[in-house]
Amino acid sequence: MTRFLSWQETYEAGPELCGGKGYNLARLARYGFHVPRGGVLPIGAPLSAISEGLARLSLTDADVAVRSSATAEDSSTASFAGIHRSFLNVRGAVAAERAAQGCVDSLQTPEAMAYRRRMGFRDDEVCCAVVICEMVKARCAGVAFSCDPATGRRDLIVIDAAEGLGQAVVGGQVNPHRAAWRSCAGILRREPDSASDSPLPLPVEEELAHQVKRVQWALGEGQHPQDVEWAYDGERLWLLQARPVTRLPRPGWPEAARMPQYWSTANLKDNQPNGWCELSWSVLDEVVGDVLFAALTAAGYAVPPGMQMVRRIHGRGFFNLTLMQYGFYDAFGIAPSEVVKSIGGHQPEIRVPRASWRSAARRNAAGLRLLRLIWNAPRKAKPAVRVQFQEQRRLSAMDLTRYTFAEIGAILAEVASIQETFIPVVGLANAAHGPWLLALEGALKDPALVSRLQSGGGGVASAEHGYRLYEIARGQSTVEEFLRDFGHRAVYETDARNPRWVEDPSWVLAQVEAIRANPPARDPREAASEVRRQAERRVRRRLPLRAPLLLWFARKLREAASVREECKSAMVAMMLPTRLALLEVGRRLAASGQLDSPDGIFHL
């Protein structure tokens, strides 16, 4: 490679020739972020190529920044921040060539050599390309992180801003104005202790927070936090650099941070055995922790904020089993083995510290508070479920062809707000079965019998699907009635790519035909009820004195299972108006040539 490369050419050449800084800037330009005009002198190219490159970009008489872009620099393992030289306000080809030579020579400084030794790089592993781009006449500038770099919190976007060029902020020469934005269920809100006198106007600061979040998705797959340099010229935000944040602390409980970090697919792989689309994963990333720990929060336990609860490995979803186990142990004293059993077993268990009498008393008190909440959870959840379905029907009935992009955006924001309100209900309903299940298993010592006691209780949405399909096949119900009640569901429904049954009922029709072709010997609803009645008779024979209490536990367990499934169904219901809104946006983008097809929207 013997010539100066544009951003597109830099992207195609890759980091091996263009270094980390140049390649990341090219990726930002490729994804549509505002990056200054410029390009890269690749490794091995002569300095004389700079003159031709500046002329091609119409930068010969402009002030430019000349910056090092070494291999391994701005990578996931090493940042080389402040190690290699940069030159600002350089004008003309001769001065740019001299500055570029200074960047290359800075690889041989004692500081650079010492950094390579400390990070385990051989000298011949690190070569230097050079980035040259137009200077931004910055009114203010600084750095922003898609996390809190001091604590590791993943729910914060931290923005440092100062008047003038950002080099003073990066170099620690000024105390910047700091603002933080918190992401909650996909909605960004400014933290109250943020700087009130920031030189960055508030609407622009909010836009920067959104852009930094987008950078994490574009360059970091949504899960690797990014360090972004930016500038604002009074009219437009410019992104000057982006790189992974390295050596980030693990947020959460200090004790858990010292434990092995176990990632598990567990029941995620049942819910979605394939990879999620980008849109669905971004939603899941926001809400899993809130749902998982809703019972802890409801009981007054302070869950550490900003923990990484889910991640993707080779495209598949995993959740943080270490944090899940430790959270339920520290809040309620629930043993890791019980948590593992609740998700199907066969998972590694963490080793927790021995409880003191004080911590045991705290956990027992929290457990009693949770039991009081769980006792009334089914009754309190039902009105919330009704409201959720009412809102779903209202939003799904809108004629979206009449709405502007901004109005559709407002509808999606409304959906996010509704879901945020409903998440605590779902989380508490998820935990509502726990005490009754533990009580039954402890008394009966027979998991199979406990399972049979839960059969045929009625009101469990996932079981109702099967019963209703049988009734359609028998002529006792209709497909229209099924779609009215369950049309918002789908196969692998947590992925927004998958059509809801009301949009495409082919799966429903295929199941009905399969039942007609091979009808069961007995009505499945009646068969399930008979399994339960036999289990109840067995309990009465084995434990006649305790049977009334145990069968009452079983009723409470069935109630809890029913409300858990109702809440899941109501949560998933909002996928329908979300899909309809997104597909309308997709249709418009496809019509204007910006997408190949409307469903391309789900990969954004």
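Biologist: Which residues is Ser-562 in contact with, leaving aside its neighbours within four places in sequence?

Modeller: This is a predicted model. In it, Ser-562 is in contact with Gly-458, Gly-459 and Val-460, once neighbours within four places in sequence are left aside. Ser-562 itself lies in helix 22.

Biologist: Is Ser-562 buried or exposed?

Modeller: Buried means under 20% relative accessible area. Ser-562 has 8%, so Ser-562 is buried.

Biologist: At what angle do helix 15 and helix 22 pack?

Modeller: The angle is about 155°, and the axes are 9 Å apart. Helix 15 covers residues 405-431, and helix 22 covers residues 547-573.

Biologist: How do I read that angle?

Modeller: Angles over 145 degrees count as roughly antiparallel. Helix 15 and helix 22 are therefore roughly antiparallel to each other. The crossing of helix 15 past helix 22 is left-handed.

Biologist: Which residues in helix 15 and helix 22 meet?

Modeller: Helix 15 brings Gln-419, Phe-422, Ile-423, Val-425, Val-426, Ala-429 and Asn-430. Helix 22 brings Ala-560, Val-563, Arg-564, Cys-567, Ala-570 and Met-571. By type, the residues of this contact between helix 15 and helix 22 are 10 nonpolar, 2 polar and 1 charged.

Biologist: And how do helix 18 and helix 20 pack?

Modeller: Helix 18 (residues 461-473) and helix 20 (residues 506-517) pack at about 65°, with axes 9 Å apart. Helix 18 passes helix 20 in a right-handed crossing. Leu-469, Tyr-470, Ile-472 and Ala-473 come from helix 18. They meet Trp-507, Val-508, Gln-511, Val-512, Ile-515 and Arg-516 in helix 20. The residues of the contact of helix 18 with helix 20 divide into 8 nonpolar, 1 polar and 1 charged.

Biologist: Now the cores. Which residues touch the most other members of the largest nonpolar core?

Modeller: Look for Leu-440 and Leu-444. The core has 54 residues. Helix 12 (residues 321-332) gives the largest share of this core, with 8 residues. There is also a second, separate core of 34 residues, with Phe-33, Cys-140, Val-204 and Ala-209 among them.

Biologist: What is Leu-440 in contact with, beyond its neighbours within four places in sequence?

Modeller: Leu-440 is in contact with Lys-445, Val-450, Leu-453, Leu-550, Phe-553, Ala-554 and Leu-557.

Biologist: Where is Leu-370 placed?

Modeller: Leu-370 is in helix 14, residues 357-396. The cut-off for buried is under 20% relative accessible area. At 10%, Leu-370 is therefore buried. Leaving aside neighbours within four places in sequence, Leu-370 is in contact with Ala-295, Ala-299, Phe-332 and Leu-428.

Biologist: How many residues apart in sequence are Leu-370 and Leu-17?

Modeller: They are 353 residues apart in sequence. In space, Leu-370 and Leu-17 are 58 Å apart, C-alpha to C-alpha.

Biologist: What about a strand residue? Where does Asp-227 lie?

Modeller: Asp-227 lies in strand 10, residues 226-232. Its relative accessibility is 12%, so Asp-227 counts as buried. Not counting residues up to four places away in sequence, Asp-227 touches Val-143, Ala-144, Phe-145, Gln-241, Ala-242, Arg-243 and Val-245.

Biologist: Last, the whole chain. How many helices and strands are there?

Modeller: The chain has 23 helices and 14 strands. Its C-alpha atoms fill a box of roughly 95 × 60 × 45 Å along the principal axes. Of the 604 residues in the chain, 51% are buried.

Biologist: Which share of contacts with a separation of 6 or more comes from residues 24 or more positions apart?

Modeller: Such residues account for 70% of those contacts in the chain.

Key. Residues are numbered from 1 along each chain as its sequence is written. This is a predicted model: local features need pLDDT of at least 70, side-chain atom pairs count only at pLDDT 80 or more; totals for chains, interfaces and linings use all residues. Side-chain values use heavy atoms; hydrogens and water are left out. A nonpolar core is a set of buried Ala, Val, Leu, Ile, Met, Phe, Trp, Tyr and Cys residues joined through side-chain atoms within 4.5 Å. Buried means under 20% relative accessible area, exposed over 50%, partly exposed in between (1.4 Å probe, protein chains only). Helices (H or I, at least four residues) and strands (E, at least two) are DSSP runs, numbered from the N terminus. Contact means heavy atoms within 4.5 Å. Axes are lines fitted to C-alpha atoms, for helices over the stretch in contact, and angles run from 0 to 180 degrees between N-to-C directions. Angles under 35 degrees count as roughly parallel, over 145 as roughly antiparallel, 65 to 115 as roughly perpendicular and the rest as oblique. A crossing is left-handed if the near helix is turned anticlockwise from the far one by less than a right angle, and right-handed if clockwise. Ala, Val, Leu, Ile, Met, Phe, Trp, Tyr, Cys and Pro count as nonpolar, Asp, Glu, Lys and Arg as charged, and the others, Gly among them, as polar.
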